[in-house]
Amino acid sequence: MSSSALLKRAAFAVCALLAIGLVAAGCGGSDDGGTKIALLLPENETPRYETNDRPDFEESIEELCSDCEVLYSNAGGDAQKQQSQAEAALTQGAEVLVVDPMDSKSAAAIAEKAKAQNVPVLSYDRLIENGEIDAYVSFDNEKVGELQAETLSKKLKEDGKDSGPIIMINGDPADPNAALFKKGAKKGFDAVGVTIAKEYDTPDWSAENAQREAQQAITALGNDGFAGIYAANDDTGGGAIAALKGAGLNPEEVPVTGQDATVAGLQRILAGQQYMTVYKEITPEAKVSAEIALALAEGKEVPQDKITEEIDNGAGQVPSVLLKPIAVTKDNVKSTVVADGFVTASELCTGAYAAACKEAGISE
Ligand code: BGC
């Protein structure tokens with residue numbers, strides 16, 4: 001058991017004794033009784049955080065513990081801000097920090113601060129490196145990159161352009177997931193001999209930066225100088241598609257990848273403008289995180305039956321849960337994201353997309 005878990009357990013034992021009729025103040029974690037769980041998300045440009053992660057996590061906590069309180073903050077893409085938000089959560093009496101780090105390296109300082117106050121830390125979706133943490137919940141992120149590469153390579157082959165070349169628009173270099181997506185994708189491209197003509201890391205994962213990078217690549221290679229674009233997520237994919245259009249290319253003829261199954265990404269897929277996305281089931285990610293976070297907040301150990309593996313984050317072996325990503329093209333939008341209720345037909349099938357929805361068999 002970690003030292004913080006031991007201390008928590010000891011504190012609980014003392015509280016239990018006090019509860020036999022003596023003073024209970026200071027026990028149960030907070031003055032107003034409910035356990036406080038801090039959820040710190042990294043940014044709000046990518047829709048997943050406010051649309052899925054936050055509500056899914058809050059609902060899971062509510063189901064497990066009706067008098068628990070979620071202290072929520074979003075760093076809006078600012079690592080410094082996330083640091084202050086973590087400090088504020090600790091000051092407000094958070095009994096566990098669930099952190100999706102804006103910058104994995106500076107987040108080690110957050111983990112240290114929490115540790116110093118015996119508050120456990122769960123690393124959510126992105127791994128906090130070189131800092132002591134109690135658990136990690138995410139997807140198999142290397143597999144995300146492999147799925148992107150396999151799906152794009154297969155399409156290139158169908159188009160008679162087996163070896164590409166492609167333009168690679170990777171994620172934010174401060175995000176450890178971006179390195180894993182890139183690693184998995186390169187493995188996939190190498191395996192089938194798809195070559196990379198130009199490659200970029202995209203600060204902040206922003207669509208604008210991705211569009212600028214893709215424009216640069218297209219200018220350097222010429223409109224005929226590449227066969228597809230690997231974009232690490234749907235936002236950067238949207239930027240890459242805007243660059244294709246800007247160069248006078250038809251996005252229906254140049255396959256582009258993505259990730260997150262955002263409404264905008266899925267609509268582009270239905271319209272034939274984006275080739276694929278990766279669906280990550282955020283509801284189970286948030287749910288298992290809520291279960292583990294609550295156990296940690298109550299001074300218990302990480303529930304071993306949830307753990308799928310141990311991952312080395314540079315500061316030790318971290319009990320981890322890695323969920324499976326799913327590749328989505330026009331063919332399986334209906335049977336994956338729509339069937340799961342991750343997006344609804346009414347969100348997808350608006351105005352210009354009604355006909356494409358019908359074609360894909362999606363109806364309300
Ligand atoms: C997440 C992706 C997301 C990206 C940008 C990654 O760490 O796993 O789902 O698109 O960050 O926020």
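Here is a short tour of this structure, from the whole chain down to the ligand.

Before you click, note that this is a predicted model, where local features need pLDDT of at least 70, side-chain atom pairs count only at pLDDT 80 or more, and totals for chains, interfaces and linings use all residues. Residues are numbered from 1 along each chain as its sequence is written, and side-chain values use heavy atoms, with hydrogens and water left out.

Start with the whole chain in cartoon view. You'll find 13 helices and 12 strands (DSSP runs, numbered from the N terminus: H or I of at least four residues for helices, E of at least two for strands). With a radius of gyration of 22 Å, close to the 21 Å from the globule rule for 364 residues, the chain is as compact as a globular protein of that length (taken over C-alpha atoms; the rule is 2.2 Å times the number of residues to the power 0.38).

Next, select the ligand and the residues around it. There are 14 of them, and E43, Y49, D125, D175 and D260 come nearest (near means a heavy atom within 4 Å). Colour α2 (48–64) and α6 (176–192): each supplies at least two residues of this shell.

Now show the side chains of D260, N233 and T46. An N or O atom in the D260 side chain is 2.5 Å from a ligand oxygen. For N233 the distance from such a side-chain atom to a ligand oxygen is 2.9 Å, and for T46 it is 3.4 Å. These are polar contacts, meaning pairs of N or O atoms within 3.5 Å.

Definitions and conventions:
Polar contact = N/O pair within 3.5 Å; in protein donor to acceptor, adjacent residues only side chain to side chain.
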